[in-house]
Amino acid sequence: MSSGKVIVYGGKGALGSAILDFFKKNGYTVLNIDLSANDQADSNILVDANKNWTEQEQSILAQAASSLQGSQVDGVFCVAGGWAGGSASSKDFVKNADLMIKQSVWSSAIAAKLATTHLKPGGLLQLTGAAAATGPTPSMIGYGMAKAAVHHLASSLAEKDSGLPENSSVLTILPVTLDTEMNRKWMPKADHSSWTPLSFISENLLKWTTESSSRPSSGAFLKITTANGESTITPQ
């Protein structure tokens, strides 16, 4: 069993909880960062949604330093985020765009900052983009804007002089539809065999964390698709 440590940013959500539980079962110490605590985590950092971006960053960095006490982590996984639709003519267009940026861009940037301080050399930083945001998203512009910003962040972090530790990797997953309780609730008649199991992502993150040679190239965008119950990862 491993004695490593990882940070899960968004470890209370469906995917984050699955990742957190899987790493715990494989012997890892897990620090969760989210709006609420995950009781399965070894420690929790609570995000105050009423604080602005820099205030959230300062609070999270201070709590992480206190929790980790100088120890380094093998992986930082940012799966925080959400979804909201709307074209430019929608009443809530800017409101939803603001929410998407707070949920995806703020969290991804703070996760990157955490990685500059606490990630081991050769460690893994994982961000969450979206397959849809590799092109135009006219019916969900705010979501596309936020995820496109995450994609740019990831590309920049993978380059020299980005500030990340030596030999570390940045991988961005691009899920299509995840098999979660909420998705099943709201789309009960959909083809669930085309939805990606949360375990598939958790297993690959563990493999990439423990076996650096198994990782796709740093900077890769990994489209995750599922057909007839079989999931595949295609670097973009």
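A: Start with the rule for salt bridges: a side-chain nitrogen of Lys or Arg lies within 4 Å of a carboxyl oxygen of Asp or Glu. The model here is predicted. In it, Arg-184 and Asp-179 meet this rule through their side chains, with 2.6 Å from N to O.

Q: How many salt bridges does the rule give in total?
A: Side chains of opposite charge can pair when their charged atoms come close. The count here is five salt bridges. Among them is the pair of Asp-92 and Lys-91, whose closest N and O atoms are 3.4 Å apart.

Q: Are Lys-91 and Arg-184 exposed or partly exposed?
A: The cut-offs are under 20% relative accessible area for buried and over 50% for exposed, with partly exposed in between. Lys-91 has 78%, so Lys-91 is exposed. Arg-184 has 37% and is therefore partly exposed. Asp-92, the partner of Lys-91, counts as partly exposed because its relative accessibility is 29%.

Q: Which residue forms a salt bridge with Asp-98?
A: An α-helix has 3.6 residues a turn, so residues three or four places apart point the same way. Asp-98 pairs with Lys-102, and their closest N and O atoms are 3.1 Å apart. The two residues are four apart in helix H3, which means that about one helical turn separates them. Both ends count as partly exposed, Asp-98 at 37% and Lys-102 at 36%.

Q: What span does H3 have, and where is its kink centred?
A: A span is read against the value expected at 1.5 Å a residue. H3 covers residues 93–118, 26 residues in total, and reaches 37 Å from first to last C-alpha, close to the expected 38 Å. A kink of about 30° in H3 is centred on Ile-101.

Q: Is Trp-195 buried or exposed?
A: Trp-195 is in the loop between helix H5 (181–186) and strand S8 (196–197). Its relative accessibility is 5%, so Trp-195 counts as buried.

Q: Which residues form a nonpolar patch on the surface?
A: Met-182, Trp-186 and Met-187 do, with about 360 Å² of accessible area together. Met-187 is in the loop between H5 and S8. At 36% relative accessibility, Met-187 therefore counts as partly exposed.

Notes. Residues numbered from 1 in each chain as written. Predicted model: local features only at pLDDT ≥ 70, side-chain atom pairs only at ≥ 80, totals over all residues. Heavy atoms only, no water. Expected span 1.5 Å × (residues − 1). Bend = angle between axes of the 7 residues up to and from the residue. Buried < 20%, exposed > 50% of the residue type's maximum accessible area, 1.4 Å probe, protein only. Patch = residues over 30% accessible without salt bridge, like charges linked within 9 Å, V, L, I, M, F, W, Y side chains within 5 Å. Areas by Shrake-Rupley, 256 points an atom, 1.4 Å probe, with all protein chains shown as cover.
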